[in-house]
Amino acid sequence: ITQRNNVMADLPFTVAPVEGKGLGAFANRVIEAGERLLADKPLFVLPATVQGTGITSESLEKTIEALSAEDRGRFWALAQDTALYGDEITASGIAGTNGIPFSHFGRCYCSVFATVSRFNHSCEPNTCYNWNGALGQLTIHASKRIEAGSEVTICYLGSLMPRPQRQRQLLQDFGFECMCAKCVLAGEALAESDERIATIGDYD
């Protein structure tokens, strides 16, 4: 645990409470665009469906039991979305709440991380993540300059889509209504945003 605390102390962000969101990550200094914030080793990786976190493995419970005592503690310390999974804390509820989907060589996976799983969602995030097969870790890089004190965010969705579709998928798969800067746009600004997304055409 002391070793992990030392690693966390070297990171450019701090995990802290966020009103209405549980925990989140905040920059403890200026983070420049392109800077790597973290390379996080997963607690576990399981096959997943394409949409949402979608962990489908029936061996989830065995996977949790096979973790070290320290990693099991980290897993069970993660939050569960009670609106989606009920009040009784379960392995599938925690995995579904915190799982991060990624693809590698055309196959879809879902992983749970002790640190990255604390990052909250934004439809206009200031970081991007990628599975690094050589490291066996998920790397997080700043996609823009992040000012000290700003929340560090990732995007839970795998593709661009207009606001109504984003809102539906986030509510269905993650149990919350997004109120990020992109989702609270109105009037002409909202129309322009959705028009740009439609021009890109990266949605069904």
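Q: Let's start with charges: how many salt bridges does the structure hold?

A: The general idea is that side chains of opposite charge can pair when their charged atoms come close. We call it a salt bridge when a side-chain nitrogen of Lys or Arg is within 4 Å of a carboxyl oxygen of Asp or Glu. The structure holds five of them. Keep in mind that this is a predicted model, where local features need pLDDT of at least 70 and side-chain atom pairs count only at pLDDT 80 or more, while totals for chains, interfaces and linings use all residues. Residues are numbered from 1 along each chain as its sequence is written, and side-chain values use heavy atoms, with hydrogens and water left out.

Q: Which residue does Asp71 form a salt bridge with, and where do the two lie?

A: The partner of Asp71 is Arg74, and their closest N and O atoms are 2.8 Å apart. Both lie in helix α3, three residues apart, which is about one turn of the helix. Helices (H or I, at least four residues) and strands (E, at least two) are DSSP runs, numbered from the N terminus.

Q: Is Asp71 buried or exposed?

A: Buried means under 20% relative accessible area, exposed means over 50%, and partly exposed is in between (1.4 Å probe, protein chains only). Asp71 has a relative accessible area of 19%, so Asp71 is buried. Arg74, at 22%, counts as partly exposed.

Q: Which side chain meets Glu35 in a salt bridge?

A: That of Arg29, at 2.5 Å from N to O. Glu35 is partly exposed at 22%, and Arg29 is partly exposed at 36%.

Q: Which residues are linked in a network of salt bridges?

A: Glu32, Arg145 and Glu147 are. Between Glu147 and Arg145, the closest N and O atoms are 2.7 Å apart. Glu147 counts as partly exposed at 38% relative accessibility, and Arg145 counts as partly exposed at 44%.

Q: On to sheets. What is the order of the strands in the open sheet of four?

A: First the idea: strands of a sheet pair through backbone hydrogen bonds, either parallel or antiparallel. Here, two strands pair if DSSP finds at least two bridges between them. The order is β1-β2-β10-β7, with mixed pairing. β1 (13-18) and β7 (120-121) stand at the edges with a single partner strand each, so one side of each has no neighbour in the sheet. Look at β1 and β2 (residues 22-27): they pair in the antiparallel sense over six bridges. Phe13 stands opposite Ala27 in β2.

Q: And what is the order in the open sheet of three strands?

A: That one goes β4-β6-β5, with antiparallel pairing. β4 and β5 are the edge strands, each with a single partner, so one side of each is left without a neighbour in the sheet. Five bridges join β5 to β6, and the bridge partner of Phe102 in β6 is Tyr109.

Q: How many residues does the largest nonpolar core have?

A: A nonpolar core is a set of buried Ala, Val, Leu, Ile, Met, Phe, Trp, Tyr and Cys residues joined through side-chain atoms within 4.5 Å. The largest has 30 residues, and Phe13, Leu37 and Leu170 are among those with the most contacts inside it. Its largest share, three residues, comes from β9. Apart from this core lies another, of 13 residues, among them Leu67, Leu78, Ala91 and Ile94.

Q: How many residues of helix α5 are buried, and what covers them?

A: Six of the eight residues in α5 (residues 91-98) are buried, so to speak mostly covered. They are Ala91, Gly93, Ile94, Ala95, Gly96 and Asn98. What covers them includes β4 (44-47), α3 (69-76) and β6 (107-112). To read contacts like these, look for heavy atoms within 4.5 Å.

Q: Last one: how many disulfides does the count come to?

A: A disulfide is a pair of cysteine sulfur atoms within 2.5 Å. By this rule, the count is zero. The sulfur of Cys155 is 5.7 Å from the closest cysteine sulfur, in Cys123, which is too far for a bond. Cys183 is in no disulfide either, as the nearest cysteine sulfur, that of Cys123, is 3.6 Å away. Cys183 counts as buried, at 5% relative accessibility.
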